[in-house]
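Me: I would like a close look at a single part of this chain, with each term given its cut-offs.

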Amino acid sequence: MQQHYENFTRGYDQHERYVNAWRRIRDRHLVGSPLCEMCKERERYVRSTLVHHIRSLADGGTYDESNLMSLSISCHEQIHQRKKPS
Ligand SMILES: [Zn+2]
């Protein structure tokens, strides 16, 4: 019984660690790049609220700074809409 419990909590901790690690990376990126990078190109200064993976994780992208981009919610939606096959 004790063993089962330990296995369960260990699995949970691993997930928590992963979530916390990503949150830290994301927060650090937002601090370093507080303005939406897409808006900035159009000389609009909008606070970024999320961090986008330029190359998606499913596509082999990483959590490296060079693969991250600060975006406003509307720009992030635009990127994902553009990706959809028409
Ligand atoms: Zn934007």
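Which residues point one way from S2 and which the other way, and are they buried or exposed?

Reply: This is a predicted model, in which local features need pLDDT of at least 70 and side-chain atom pairs count only at pLDDT 80 or more, while totals for chains, interfaces and linings use all residues. Residues are numbered from 1 along each chain as its sequence is written.

From strand S2, Leu68 and Ser70 point one way and Met69 and Leu71 the other, and all are buried, where a buried residue has 20 or more other C-beta atoms within 10 Å of its own, an exposed one has 12 or fewer, a partly exposed one lies in between, and C-beta atoms are placed from the backbone. Of the 86 residues of the chain, 10% count as buried.

Strand S1 (residues 50–53) runs antiparallel to S2 and is joined to it by four bridges, strands being paired if DSSP finds at least two bridges between them. One of these links is between Leu50 and its bridge partner in S2, Leu71.

Leu71 is also in contact with Cys36, Glu37, Met38, Ser48, Leu50, His52 and His76, leaving aside its neighbours within four places in sequence; a contact requires the C-beta atoms of two residues, placed from the backbone, to lie within 7 Å.

The largest nonpolar core has seven residues, namely Cys36, Met38, Val51, Leu68, Met69, Leu71 and Cys75, and S2 (residues 68–71) gives the most to this core, with three residues. Such a core is a set of buried Ala, Val, Leu, Ile, Met, Phe, Trp, Tyr and Cys residues joined through C-beta atoms within 7 Å. In soluble globular proteins, nonpolar side chains tend to be buried together.

The phi of Glu43 is near 55°, a positive value in a residue other than glycine.

Notes
Helices (H or I, at least four residues) and strands (E, at least two) are DSSP runs, numbered from the N terminus.
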